[in-house]
Amino acid sequence: MLTTELILLGVAGLLAISVLASKASSRTGIPALLLFLLIGILAGSEGPGRIALDNPGWVQSIGVVALVMILFSGGLDTSWLSVRPVLVEGFTLANLGVLISALIMGLVAWLVLGYTLLEGVLLGAIVSSTDAAAVFTVMRARDVSLQGNLEPLIEFESGSNDPMAVFLTIGLTGLIMNPESSIFSLIPTFFWQMTLATVSGYVMGRFMTWAINRLRLSQEGLYPVLTLALVLLTYSLTAVLGGNGFLAVYLAGIVMNGQNFVHKRSLMRFHDGMAWLMQIAMFITLGLQVFPSRIIPVAGVGLLMSAALIFLARPISVFISLAFTKLSVREKLIISWVGLRGAVPIVLATFPLMAGVPHADAIFHIVFFIVISSVLLQGTTIPYVADWLGVRATKSAQYHYPHEFVPSISMCSRLIELRIDPNSPALGRSIMELGLPHGVLVVSINRDDETLVPSGATVLEAGDQVMVLAEEEMLETVRAAVL
């Protein structure tokens, strides 16, 4: 009989092994996500671990929560300034590209596997979206930086194309199980889901920023708890209202990235760590759900479908979606090659499995094979393909967005001291709420003969002597805000 201690021992062991595997990944070049899957398989009922798990509903629930956290972290780490120039291209690729890829894979499954056309397109829809977790992890772990706007385009597409894949998977599953339904009924549903998700993501992103800045919690450790609650609220509320919660949390993260809020650096680090924890938990759980004995019979079919996806469906969808852009053939080829598949397709494969769709078990294991081959082949070769195509940025051209505000200090900057009077407009307000110009740094605060190192949440009190570093032309604006 399993005790709590034994369960905790197993969980701790799997997490520790996964962390060590991520370190080994950077040395061997094998993507960490693939190692996480392998750990789950080895720990499963057909591996040495002998952990029996055959519960698609549980796996799906874990996958949904993990994806919410991963997408929010990805959005929080995505700069709106970098996304804005590629917004149209990314949106087209994330929606039209997914649809074209699903249709092509559906035709291949119909011709080769003997599935019905709807069943084939369902398989295509499940594997049609690139996985944000896989792309974010592999690109950063392998230190791959691409020229121009390629990197923000790829990251924006990988973070925003999951909603289309989710919509198609759920919609086609419903059509297969209810043949009397019309495929045209999906069109208004699609527009409602995307519109509601966009509005919800923007509103909740602004609300989260406002709440973090205004609540002034007594303990810094409560801020991560607050953001976790608001992220889950964004997803669940959007989903309950009929929108796409995945898109909403991703957009909320992007909106927050463009705003200043207290403890921004620590919160971004917390959610980055949370995203890694969710990736490890999700991939291990997915590995536990897979039975290697069922993969071997579909290995040939899986290899064929994987080749069709990597070398046919993905490139065609990219070239058609980006046909009217100024991107070169080389740039479109690298976008095609970086279309990694990850945990999202495996999680989506649990929907038809739970609904009892014909061939659902075979589809699940085919999808698993496609994911492994995609991460193994494409994930390990991205740096070499980028170099071969000549689209990899040089070290001097690479730019990493900081996780914290860095003031622009120059020879013209001056250090001035301002005193907070009882009638000062800054009295009782936090530094974040002052609306100081970009580049202004509050260095220290002298309060009751003690020197404080302020943060954005520090509230100014009467008698405070505030040391401010700012450029000459900003001094009047600073005085007006403080005095």
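Predicted model: local features only at pLDDT ≥ 70, side-chain atom pairs only at ≥ 80, totals over all residues.
Trainee: Hi! Which way do strand β2 (residues 441-447) and β4 run, and how many bridges join them?
Mentor: They run antiparallel, joined by 5 bridges. Two strands count as paired if DSSP finds at least two bridges between them. Strands here are DSSP runs of E with at least two residues, helices are runs of H or I with at least four, and both are numbered from the N terminus.

Trainee: Thanks! Back to β4: which residue there does Leu441 stand opposite?
Mentor: Leu441 faces Leu469 in β4.

Trainee: And why is strand β4 described as largely enclosed?
Mentor: Because 5 of the 7 residues of β4 (residues 465-471) are buried. Buried means under 20% relative accessible area, exposed means over 50%, and partly exposed lies in between, using a 1.4 Å probe and protein chains only.

Trainee: Switching to helices: at what angle do α10 and α11 pack?
Mentor: Helix α10 (residues 186-215) and helix α11 (residues 222-240) pack at about 160°, with axes 10 Å apart. The axes are lines fitted to C-alpha atoms over the stretch in contact, and angles run from 0 to 180 degrees between N-to-C directions. That makes α10 roughly antiparallel to α11; the classes are roughly parallel under 35 degrees, roughly antiparallel over 145, roughly perpendicular from 65 to 115, and oblique for the rest.

Trainee: Which residues of α10 and α11 meet?
Mentor: Among them are Leu196, Met204 and Phe207 in α10, and Tyr223, Leu230 and Thr238 in α11. Contact means heavy atoms within 4.5 Å. By class, the α10 contact with α11 has 13 nonpolar, 4 polar and no charged residues. Ala, Val, Leu, Ile, Met, Phe, Trp, Tyr, Cys and Pro count as nonpolar, Asp, Glu, Lys and Arg as charged, and the others, Gly among them, as polar.

Trainee: What about α3 and α11, how far apart are their axes?
Mentor: Their axes are 11 Å apart, and α3 (residues 56-76) packs against α11 at about 110°. So α3 is roughly perpendicular to α11. Val64, Val68, Met69 and Phe72 of α3 touch Leu228, Val231, Leu232 and Tyr235 of α11, giving 8 nonpolar, no polar and no charged residues.

Trainee: Last one: is Asn161 buried or exposed?
Mentor: Buried, because its relative accessibility is 0%. Asn161 lies in the loop between α8 (150-160) and α9 (162-177).

Note on methods. Residues numbered from 1 in each chain as written. Heavy atoms only, no water.
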